[in-house]
Amino acid sequence: MKRETIHSYREKYRAALFEDCIPFWMRNGFDRVNGGVYTCLDRKGLLYSPDKSVWFQGRCAWIFANLCNRYGIRPEWKEISLSCLDFLNDHCIDPVDQRMYFLVTADGKPLRKRRYLFSEAFFIIASAEAGKAFGDGKLLAQARFYADFLMEIYRDPGKDPYKITPKFYVENRPTRSLAVPMILLNVMHVLESCDPAYCEKYEENAEALTADILRYHFNREHRILLETVGKDGTFLKDIPAGRLVNPGHALEACWFLLTQAQQTENLQTLQIVEEIFRQALKIGWDEEFGGVYAFTDLLGFPPEPLEHDMKLWWPTAEALISSILLYEETRERKYFDWFEKIDAYAFSKFADPAYGDWYGYLHRDGTPTLPACKGNIYKGPFHLPRMLMIVEDCLGRLESTTEV
């Protein structure tokens with residue numbers, strides 16, 4: 001690979017990060033009245049709902065703190081990061097059980113509370129990243145507390161203080177969900193990088209979570225990660241949920257697992273990562289129109305989610321991260337070829353030069369859903385800026401180690 005090519009891509013991703021994505025969210029999303037960030041923005045960045053996604057307060061706080069750790073502290077980045085964290089601490093924690101809400105009003109009144117761990121997970125990485133960036137020991141301690149809290153619930157769900165009607169009757173169909181150990185693995189990696197005093201504990205947790213992902217969710221017959229499996233990892237091939245593959249999650253998990261493989265020098269895990277990547281794109285890439293499907297059924301039956309053949313922004317972002325990181329690790333040209341293929345699709349279909357940022361949702365043929373949106377309670381400043389930072393950083397390393 002020529003250094004000139006790598007340099008050109010790096011400049012492209014730097015520009016997308018600093019001249020497009022971050023300015024769009026700083027200009028349109030930051031709530032200077034109540035604090036925190038709005039994410040329900042239309043194509044132009046106009047607010048169409050004032051309600052705030054709690055997990056996006058954490059995600060946004062992490063993004064802007066990570067920008068400070070990577071590129072140096074800028075007052076405006078620090079202001080947004082700490083504003084989101086203040087909003088979380090002041091409004092988004094239920095004092096009854098210390099669990100977090102899912103959706104709140106603009107000024108922080110609770111609207112919805114879910115059973116999942118994701119609001120807390122993103123609160124952890126935000127607290128840790130900001131604690132590192134701004135030298136705040138209280139934020140690091142907060143991250144440690146919630147990390148222990150979530151790992152205890154993960155190991156023994158019966159300890160979850162949520163005393164409400166369960167979403168599923170697990171006694172009739174005990175299952176495991178990939179999303180939980182996958183996200184917790186990334187949480188541990190962030191904690192390792194931000195809170196080295198407790199690194200040994202985080203490393204042990206990361207090893208255990210990796211083992212669970214590979215033991216229960218990696219289907220050895222089909223060489224892919226399954227979203228939902230039986231409690232013992234059984235392939236639930238007779239029900240749609242058991243056959244469901246989320247290519248975006250598989251590709252996101254690829255680089256989480258790759259990070260773990262690199263840190264532990266585990267070649268076996270690296271080989272599995274390569275298999276997951278290849279299979280995720282084999283069954284998840286649309287050969288006719290391009291792009292990564294939202295969902296597929298492993299055995300070819302109709303997928304249950306209605307949006308299964310749509311193209312979403314975040315699987316595309318995760319595919320770019322995993323492809324370039326695998327190229328850096330292996331220097332095999334096929335991974336850079338995938339990076340270029342996905343890049344061409346992403347910037348021709350998702351990017352919006354007229355108003356900035358990426359569309360969130362495309363039809364199968366690559367046209368934006370109408371009216372187009374740049375954000376909602378599930379899309380905001382996270383997957384795209386995270387991808388742009390990681391890819392730009394990786395391309396910088398590749399540029400410095402490429403001779404010609």
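Pro-371 lies in the loop between β11 (361-362) and α13, where helices (H or I, at least four residues) and strands (E, at least two) are DSSP runs numbered from the N terminus. A cis peptide bond joins Leu-370 and Pro-371, with omega about -5°. The structure is a predicted model, in which local features need pLDDT of at least 70 and side-chain atom pairs count only at pLDDT 80 or more, while totals for chains, interfaces and linings use all residues. Residues are numbered from 1 along each chain as its sequence is written, and side-chain values use heavy atoms, with hydrogens and water left out.

Gln-98 is found in the loop between α3 (75-91) and β2 (103-104).

Helix α13 (residues 383-401) packs with helix α2 (residues 54-71) at an angle of about 20°, and their axes are 10 Å apart. That makes α2 roughly parallel to α13. Axes are lines fitted to C-alpha atoms, for helices over the stretch in contact, and angles run from 0 to 180 degrees between N-to-C directions. Angles under 35 degrees count as roughly parallel, over 145 as roughly antiparallel, 65 to 115 as roughly perpendicular and the rest as oblique. In the contact (heavy atoms within 4.5 Å), the α2 residues include Arg-59, Trp-62 and Arg-70, and the α13 residues include Met-389, Ile-390 and Asp-393. By class, this contact of α2 with α13 has 7 nonpolar, 2 polar and 5 charged residues. Here Ala, Val, Leu, Ile, Met, Phe, Trp, Tyr, Cys and Pro count as nonpolar, Asp, Glu, Lys and Arg as charged, and the others, Gly among them, as polar.

Helix α1 (residues 3-28) also meets α13; the two axes come within 9 Å and cross at roughly 155°. α1 and α13 are therefore roughly antiparallel to each other. Among the residues that meet are Tyr-13, Leu-17 and Ile-22 in α1, and Leu-388, Leu-395 and Glu-399 in α13. The contact of α1 with α13 has 15 nonpolar, 2 polar and 5 charged residues.

α1 and α2 pack as well, at an angle of about 145° and with their axes 13 Å apart. Arg-14, Leu-17, Phe-18, Ile-22 and Met-26 in α1 meet Ile-63, Phe-64, Leu-67 and Tyr-71 in α2. By class, the contact of α1 with α2 has 8 nonpolar, no polar and 1 charged residues.

The second largest pocket holds about 610 Å³ of space. On a 1 Å grid over the protein atoms alone, a pocket is an open set of points where a 1.4 Å probe fits, with protein on both sides within 12 Å along at least five of seven lines; lining residues have an atom within 4 Å of a point. Grid points are joined across faces, edges and corners, and a volume is the space filled by probe spheres set on the points. Of the 25 lining residues, Arg-70, Ser-193, Trp-255, Thr-259 and Ile-390 are the closest to the centre of this pocket. The elements that give two or more residues to the lining are α2, α4 (118-134), α6 (179-194), α9 (247-264), α11 (313-330) and α13. α9 gives the most, with 6 residues. By class, the lining has 9 nonpolar, 8 polar and 8 charged residues.
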